[in-house]
Amino acid sequence: MNRRTIVWGTGLVMALLVFQGFQCASPELTGAKIHIQQHNYQEALPLLEKEVANNPTNEEAWYLLGAVRADLGDYKGMNEAFDQALKLAPTHAQEIYGIRYTRWGVHINAGVNYLERASSDSAEFFDKSIDEFTKAIAAIPDTALTYRYLAYAYNNKGDYRQALETFKKAWKMGDEIESAKRAGRIHVFLGLELKNKFETENREQLRALANLNQVRKNTRTEDVRMLLGEPSNVRRGPRGTKKEDWTYSKYNLVLAMDNDRVVEKKFQSPYNPGIDSTNYRKAMVEFAEAVTILEEAIASDPKDTETVNVLLQAYVESERIKEAITVFADQVKQDPENKQSRYLLGVLLRQDGRYDDAIDQFKEAVRIDPEFGDAIYDIGATYYNWGVDLIRAAEDRGEREQSKEATEKFEKALPYMEKVLQQRPESPEILETIGTIYARLGQTQKAADAFTKADKLRQGR
């Protein structure tokens, strides 16, 4: 955060007070003015409170009471007294404005200074900055900027819930788009924390479900063993056949096998892995809140690509892909030469299974920037995923050979992955992907070479 120093006149209105109207003033008001001139504000306070109780239409007494409370740090009382004075007459409006903004500026400056000094080694300055910004809010409660500064302090301290609420208050109070963006990011961050907690707490159950979902018709017996382990019971079929029934009691599952393949998958009763989805549901609420806020922020600042990326993440995490496609398609329409918008739309289209459309967007991004590595990689990755989907669909139909169509997708993926490798020659992940594609194309030696090189890079050799 850039430091913003707010400078106000430091001379308090108190220094300018004169004894006007003493001849007609009450003893309480006269005595209060004498104490004020001598800076005895604690003594002046009860006299002024008595005066406004006895004479509630005395604008000057209300004004003086607000000024005394300001010097004593009672900003709530200050504003109550000043508001009463202004309701009666605008006589001291300029002085009231000066006192309020002087107090506000002093605390804002102090808060910024403390915030700049705060760190993990000097965390006490976070609390000091929060205290100063809170006082500034008390001095002038309706300034969105102050709430944003207070939210910065909470955020940097790591109190994300307080930061979130404060950013949202600033946003709603003054159409603070920067605060809206910050609030959206915090919602995503909190959502990811909850999602990670959910996944950690339910790791084994989720793994079991994922493995079960991978076992389907035409899955090979060795793959079943790898995913589910050894069956708890095997019942042989008729002699001379390779038919077997594999029972997995843990999952209430029976797999009918024939010729080393799954031919039927049947649950004897529903399998309940005992997943606690509480944190998952809470995470979805956070992501939904992020989408709502960030959509408004992007509407006001559509060229902020960083916030657009956060919105994309919120959409994906909240599983609202089709809505996201609509939003990012509009982004592309508004700015067709924006490579990032093209790329992000491609990511969403691929997640929606629209491979052709996704590749078109990635290729447009590469047209705009021929060295756009992420887009080049994702063209190859999309062709590869497309080929894998075709293989799985063929397996579900009972076809065991890789189709010509799937092979064509892998062939199209290869040159894009090889170009990415030229940009990132030391990336083991890219080498492993290329190795997998070579294997799919039957180029076993090239596949082995790629995997060997990837292993060496991972081992630092």
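This is a predicted model: local features need pLDDT of at least 70, side-chain atom pairs count only at pLDDT 80 or more; totals for chains, interfaces and linings use all residues.
Q: Which residues of H12 are buried?
A: Buried means under 20% relative accessible area. In H12 that group includes Asn-279, Ala-283, Met-284, Glu-286 and Phe-287. Further along H12, Ala-290, Val-291, Ile-293, Leu-294, Ala-297 and Ile-298 are buried.

Q: What covers the buried residues of H12?
A: Look for other elements in contact with them. The cover includes helix H8 (160–174) and helix H9 (177–201). Helix H13 (305–317) and helix H14 (321–334) are also among the covering elements.

Q: Where is Gly-191, and is it buried or exposed?
A: Gly-191 sits in helix H9. Its relative accessibility is 0%, so Gly-191 counts as buried. Leaving out residues up to four places away in sequence, Gly-191 touches Ala-283, Glu-286 and Phe-287.

Q: What span should the 13 residues of H13 have?
A: Use the same rule of 1.5 Å a residue. H13 should span 18 Å, and its end C-alpha atoms are 18 Å apart, which agrees.

Q: Which residues of H13 are buried, and what do they pack against?
A: The buried residues of H13 are Thr-307, Val-308, Val-310, Leu-311, Leu-312, Ala-314, Tyr-315 and Glu-317. They pack against H9, H12, H14 and H15.

Q: What shows where empty space is left?
A: Rolling a probe the size of a water molecule over the atoms does. This structure holds one cavity of 30 Å³ or more. The largest cavity has a volume of about 40 Å³.

Q: Which residues line the largest cavity?
A: The lining is Pro-302, Lys-303, Thr-305, Val-308, Gln-331, Asn-338, Gln-340, Ser-341 and Leu-344. By class, three are nonpolar, five polar and one charged. H13 and helix H15 (339–351) each supply at least two of the lining residues. H15 gives the most, with three residues.

Q: What is the volume of the largest pocket, and which residues are closest to its centre?
A: A pocket is open, whereas a probe in a cavity cannot get out. The largest pocket has a volume of about 530 Å³. Of its 20 lining residues, Arg-216, Asp-223, Ile-391, Arg-392 and Glu-395 are the closest to the centre. The lining has five nonpolar, four polar and 11 charged residues. Helix H11 (221–228) and helix H17 (373–396) each supply at least two residues. H17 gives the most, with five.

Q: Where is Tyr-377, and what does it touch?
A: Tyr-377 is in helix H17. Its relative accessible area is 25%, so Tyr-377 is partly exposed. Beyond residues up to four places away in sequence, Tyr-377 touches Met-417, Val-420, Arg-424, Ile-430 and Thr-433. Tyr-377 and Leu-421 are 44 residues apart in sequence, with C-alpha atoms 9.2 Å apart in space.

Q: Which loop holds Asp-260, and what is its phi?
A: Check the backbone angle, then the location. Asp-260 is not a glycine, yet it has a positive phi of about 65 degrees. Asp-260 lies in the loop between strand S3 (253–258) and strand S4 (261–267). At 41% relative accessibility, Asp-260 counts as partly exposed.

Q: Where is Glu-319, and what is its phi near?
A: Glu-319 is in the loop between H13 and H14. Its phi is near 60 degrees, a positive value in a residue other than glycine. At 55% relative accessibility, Glu-319 counts as exposed.

Key: Residues are numbered from 1 along each chain as its sequence is written. Side-chain values use heavy atoms; hydrogens and water are left out. Buried means under 20% relative accessible area, exposed over 50%, partly exposed in between (1.4 Å probe, protein chains only). Helices (H or I, at least four residues) and strands (E, at least two) are DSSP runs, numbered from the N terminus. Contact means heavy atoms within 4.5 Å. On a 1 Å grid over the protein atoms alone, a cavity is a set of points where a 1.4 Å probe fits but cannot get out, and a pocket is an open set with protein on both sides within 12 Å along at least five of seven lines; lining residues have an atom within 4 Å of a point. Grid points are joined across faces, edges and corners, and a volume is the space filled by probe spheres set on the points. Ala, Val, Leu, Ile, Met, Phe, Trp, Tyr, Cys and Pro count as nonpolar, Asp, Glu, Lys and Arg as charged, and the others, Gly among them, as polar. The expected span of a helix is 1.5 Å times one less than its number of residues.
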